[in-house]
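Colleague: I have a model open and would like to learn how to read it. Where should I begin?

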Amino acid sequence: MEITADSERRGKEALRTGKICLLVALVVVPVNFGVWLAGIESREKELFLLLFSGLAVAQLGLGVMAVISAVIARRALGSGGVGGIIGGVLMALAAACGWVLGALGMALSVGGLGGAWGRPLRIRGRQLHPELREGADWTRGDRPDPGDMDLATRRALEALWLHDAQKEHASVPAFSRISWLLAAVGAPADLTEWAHRAAIEEIEHTRLCFALAAGYAGRSHTVEPMPELLLADGLSLTRGDPLITLAVESLGDGCQLEDYNADVAAECARVCQEPVTRRVLEQIAREERSHAEFSWALCAWLLERDRPRIEPSLLDALERLARYPRPTAVSGDKLRLVQAADPAQLLAHGRLPDARWAELWERRLVATRRRVEALLAGQSARRCA
């Protein structure tokens, strides 16, 4: 094959283009990995999934362009370009496989954020909970009797109650954060007292969850320090208008989530045959319902305080409830443990299947919407009276 000056020029330009595409694609890989990690921790998973998908498409396109450039170079020069073809194909395949696995991981991580009682702790938009270590300073309460339960089921129940203990512990500073915000906006004493009472009840829930876990496993755990909370000064407790923050979070994390927590705990208590575990579930159901009522009372006060600012925010938050991550019966990282357990024994010890959690969630969404609409209508009627 005769190589003319023009074809040689085109071939070299194509090789250069292919190399640039491969280099940029390589840079995209760690960037997209960082986006994936941020998405796992974020509440706004849809936004991060969109960004993650866009970068994956960009990497796929760069890989395809690298292949095309290498093919053009090989035809123009008569040799070379094989490495570019192979590299481009690998980049394209990596982008496609990475997107599938990454999107699946981000979706499964929703379960890791749920699956427990209590109000979520959010600092600067991130949901936090403590890590665990061996210890007994947070363990207080009666222990359940696992009887002749198999080891796999005991381990699953330990993991589930430890998960709940982590989330209950996080609810303590979550309510402390709310009391801080209430003081910042001049809320009445009754609401502030209610927030502190809820925090104290969450301390007791944490102890009881640790005690149940210890009873099933024969060993105790406690919490690690949470240095992230040292960042929670007055400037970083909220983003934007504190009244709107209180309204939006109260609707999602309180009115919807904690009423739902009470629904699930009550249903778990109904099927639970172990007396100690059932009493804990009944207490959690009763007190989580009270925490939800606190959020409803807070929303009502906020509307009275400044309806023009609060009502649009509540309506917008109500529309977004359909995208609120539903807590699952099992978080993604504990799925294998639970799959190895005896389903009948799990049910007898107060653990419902996820399908039942989903049914209760849909029912609570309807109830929350109706109650928000009634709250807004009642506030409007009082203003006109």
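Colleague: What is the average pLDDT of the protein?

Modeller: This is a predicted model. Its pLDDT averages 84, and 78% of the residues score at least 70. Residues 107-114 fall below 50, although this stretch has 22 contacts in the model beyond near neighbours in sequence. Where pLDDT is low, the predicted coordinates should not be read in detail.

Colleague: Next, packing. Which residues have the most contacts inside the largest nonpolar core?

Modeller: In soluble globular proteins, nonpolar side chains tend to be buried together. Here the largest nonpolar core has 72 residues. Those with the most contacts inside it include Trp117, Trp161, Leu246 and Phe294. Elements giving two or more residues to this core are α4, α5, α6, α7 and α10. The most come from α7, with 17 residues.

Colleague: What does Trp161 touch?

Modeller: Leaving out residues up to four places away in sequence, Trp161 touches Trp117 and Arg351, among others. Its partners also include Cys209, Leu212 and Tyr216.

Colleague: Now α7. How far apart are its end C-alpha atoms?

Modeller: Compare the span with a straight helix at 1.5 Å a residue. With 46 residues, α7 would reach 68 Å if straight, but its end C-alpha atoms are only 39 Å apart.

Colleague: Where does the kink in α7 lie?

Modeller: At Asp306, shortly before the proline Pro308. The kink is about 130 degrees.

Colleague: Which residue caps the N-terminal end of α7?

Modeller: Glu274 does. One of its side-chain oxygens lies 2.9 Å from the backbone nitrogen of Val276.

Conventions
Residues numbered from 1 in each chain as written. Predicted model: local features only at pLDDT ≥ 70, side-chain atom pairs only at ≥ 80, totals over all residues. Heavy atoms only, no water. Core = buried A, V, L, I, M, F, W, Y, C linked by side-chain atoms within 4.5 Å. Buried < 20%, exposed > 50% of the residue type's maximum accessible area, 1.4 Å probe, protein only. Helix = DSSP H or I, 4+ residues; strand = E, 2+ residues; numbered from the N terminus. Contact = heavy atoms within 4.5 Å. pLDDT = per-residue confidence, 0-100. Expected span 1.5 Å × (residues − 1). Bend = angle between axes of the 7 residues up to and from the residue. Polar contact = N/O pair within 3.5 Å; in protein donor to acceptor, adjacent residues only side chain to side chain.
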